[in-house]
Amino acid sequence: MSITGLGPHGERAAAPSRVALTEDDIKSARGARFSVAIVFHTTDSDWSRQSLAGIAATLGHCGAVVTEVVDCGFDAGRQIEALTRLKDEDVDAIVSIPVANAAVVESHRQVARAGRRLILHDNVPTGLLPGSDYTSLVSADNFGLGLIGAELLSPHVQADADVGLLTYGVDFYATNERDIAFARWMRANRPDLVVRTQRFAALDRVGEALEELIDDRARLAGLFVVWDTPAMDAVATLERRGLDLPVTTVDLGLGGAMNLAAGKSIVGIAAQQPYMQGVAVAQTAILSLLNRPVPGWVALPGLAVTRSNVAENYQQVWSSAAPAALLAAQRE
Amino acid sequence: MADLAVREKRAAKRGKGRPRNSEAAAPSLAAILNLVRTGRATTRQEIERASELGRAAVADRLATLGELGLVDESELGEASGGRAPRLVRFNEAAGHILVATLDQTALGVALSDLSGRLLIEHHEALDLTAPAEATIGRLETLFDWLLERIEPTRPVWGTGISMPGPVQSPPASGYLTDSPPLLPAWDGTPFVERLIARFAAPVWLRSSVETMAMGEAKAGEGVNAPHMLLVKVGKRIGAGLVVGGRLYRGALGASGLIGQLPVQANGRTGPLEVLAGSDAIAREGLVAAEAGRSPMLANVQKRTGAITAIDVGQAAQTGDPGAMEIMSHSGRLIGHTVATLANMLNPSLIVLSGSIAQTNDILLAAVRETVYGESHPLVTRDLGICASRLGSSAGLVGAAAVVVDALFEPGHLRSWILNGTPIAAPDFIELMRQARTICASGKSQSRDALAPPATEGTSPAAQAGPD
């Protein structure tokens, strides 16, 4: 599948093959014994765990040590504190997922100014430039994920209804792209549907946001949630309200995969490839530390996951066999 | 005579230190606002020195600007011996600017504050050959999304659009009132009027090379380059020139159309953009793939059935010999034309822009080699040649800069400053009324620009908002 979105500065995506490491690169990296710190928005999600695994495994193969993994808990203050501290420590590169936009711009800019390589993962605060403020962005094709989410939801939604778009209230490049793409696909392909957008300010307010949307829109006939963790909260809210609505989301977490396999509320998932994205992040960091040119944006395509192909996509995304319970649920 | 002098003295004394919401205050209000806005003065003492106004007059004008919500004096500066001075800051959040870049294959949108700093931006693929309604509708949808996403508490003060081709300058200064000739498929489409009517703000249009040049000068490679030449390489090849922070547009806004200049290649003579632009690169890539000179492009063709200029650039970057030769050849042709410009204009910096130029070191190296080889030694002594890092954001930053420069141009600023915002000034309210009438009737009007805005009889108390 090709990349449908453009980068944060309108860049065309470079394929992960563009940052593939040669044997010589790996040999040089092992000799240099680089150190890398990781600052994530959260480490408490299936996506994060997979991505971290890809980064750590690839860096380890190149003889680079992960000195620290910071869990910011979606808190901008905690991220600013971590970056401010790490930029003065003895690390060669920092991998960061910015948790916000304007609030964390300056702390990220300071990392590059302190001489550290900064590899951004999934998000670029507005105003930061590749080459000077950061080395490269590695992400999924988030625009493509939004398109997949819409396309998978459409067949399950009756004509002339409302569809809910439950999206993140924080200004975040990745979720903005999914949000825009979902609405664009619906407008182009299902003009009979009205997209009703509702934003949640934090993960613990997903249920509240959805309740508002439900109470406000009696014709709601489907829902797209911009990633899987809030999607599972949304599914719980729907069940509590006794509503049987089709839901699509992004990221093949275990909870979402099980729900999809069992033929429950979730009818489709636009899956990222977090492990492979982590590999690309690490490869980009190594190439940059070896002073090789790297593209401003490396993107990986999304996967369209349905009940019929959830097992094989699970294997691809998780690099392991699908759980027996998932296979059993799919067969029922 | 003595009585008259005394009366004048008394009158001057009465007026001292009191707010004066008359048009007489507008020039000094505008001058002070621009001193503060551009950072040339940050305290009352600095404003007094730079404006040559007395302490009471400065206090009076700052009080008025504060009431209008244009400056803020709540922050304290650093003390140098005595009491810490109050800092005078321009309220960059008093309004917002909507900007967009339209090119052959992509649409970019952003919202900026009044300093021109982008607050949020988005880019997506677009086919500009689609019907005008599809493109304009998409642009409006994305502008709506930006406004809904950021939920600005202050209104939009201006809209800046970067167009793929040259934009004819309006015949007189003032607001653009209707849509100049832009694209053949858009003839008769009231593009400008629609934007004015829908977003309740004046519109400025510039060509993509003009906005990219402004963007690089304001926030990119050209920040410290007083004489900067930007060369955009894509399907079309164009140039933009910024001198002393100001865009050079030429007599009709058509400067920089260097893609039309004839060059010679392989025994053929043709326009630069036909022989060295992205279409030529893609075409040569296909030939190289089919002739077996480029294994990587042959592989791309086999998998996708086509070859784009981006494919050729990426293959060259990874060392494919056939692709490298194509990029190098294109770079030499572009470099030859750019060398002529460099010898003529003696810029301090040349920035190569466009997705191929930005991502390809071989093209950049070939341009550098040719320009340095074909220019006078004095021209190249301190000349820098680099690739843009802003990418398509340059056009957005530049479009915002065009709007900011126009809104705060001293003559224009004086016309609205007593209203506190340009969109509350009577001339703009009339312009919007006309635009809404045209949109309602579905017709375009004559191509006259409004005369410079009138300044009579405008006081903050008398202003009405634009609906």
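Modeller: Lys218(B) belongs to helix α7 of chain B, residues 208–219. This is a predicted model, in which local features need pLDDT of at least 70 and side-chain atom pairs count only at pLDDT 80 or more, while totals for chains, interfaces and linings use all residues. Residues are numbered from 1 along each chain as its sequence is written, and chains are lettered from A and ligands numbered from 1 in the order in which they are written.

Biologist: Why is Lys218(B) called buried?

Modeller: A residue is buried if 20 or more other C-beta atoms, placed from the backbone, lie within 10 Å of its own, exposed if 12 or fewer do, and partly exposed in between. Lys218(B) has 23 such atoms and is therefore buried.

Biologist: With which residues is Lys218(B) in contact, leaving aside its neighbours within four places in sequence?

Modeller: They are Gly116(B), Val397(B), Gly398(B) and Ala401(B); contact requires C-beta atoms, placed from the backbone, within 7 Å. Arg117(B) is 101 residues from Lys218(B) along the chain, and their C-alpha atoms are 9.8 Å apart.

Biologist: How do you know how α7(B) and α16(B) are oriented to each other?

Modeller: Axes are lines fitted to C-alpha atoms, for helices over the stretch in contact, and angles run from 0 to 180 degrees between N-to-C directions. Angles under 35 degrees count as roughly parallel, over 145 as roughly antiparallel, 65 to 115 as roughly perpendicular, and the rest as oblique. Helix α7(B) packs against α16 of chain B (residues 393–407) at about 85°, with the axes 6 Å apart. The two helices are therefore roughly perpendicular. Lys218(B) takes part in this contact, as do Met212(B) and Met214(B) of α7(B) and, among others, Leu396(B) and Val402(B) of α16(B).

Biologist: What classes of residue make up the contact of α7(B) with α16(B)?

Modeller: Ala, Val, Leu, Ile, Met, Phe, Trp, Tyr, Cys and Pro count as nonpolar, Asp, Glu, Lys and Arg as charged, and the others, Gly among them, as polar. By that division the contact holds ten nonpolar, six polar and two charged residues.

Biologist: Why are α3(B) and α4(B) described as they are in orientation?

Modeller: The axes of α3 (residues 44–51) and α4 (residues 55–67) of chain B come within 10 Å and cross at roughly 115°. That makes α3(B) roughly perpendicular to α4(B). Arg44(B), Ile47(B), Glu48(B) and Ser51(B) of α3(B) meet Arg55(B), Val58(B) and Leu62(B) of α4(B). Their classes are three nonpolar, one polar and three charged.

Biologist: What makes Asp122(A) buried?

Modeller: Asp122(A) is counted as buried because 24 other C-beta atoms lie within 10 Å. Asp122(A) sits in the loop between β4 (117–121) and β5 (136–140) of chain A, and has a positive phi of about 75° although it is not a glycine.

Biologist: How do you know that Leu147(A) is buried?

Modeller: Leu147(A) lies in helix α5 of chain A, residues 142–153. Its count is 24 other C-beta atoms within 10 Å, so Leu147(A) is buried. Leaving aside neighbours within four places in sequence, its contacts are Thr4(A), Ala181(A) and Trp185(A).

Biologist: What are the domains of chain A?

Modeller: The assignment gives domain 1 (16–140 + 274–300) and domain 2 (142–272 + 305–331); such bounds come from an automatic or database domain assignment. The C-alpha centres of the two domains are 28 Å apart, and each domain gives 15 residues to their contact. On the side of domain 1, these divide into seven nonpolar, six polar and two charged.

Key:
Helix = DSSP H or I, 4+ residues; strand = E, 2+ residues; numbered from the N terminus. Contact = placed C-beta atoms within 7 Å.
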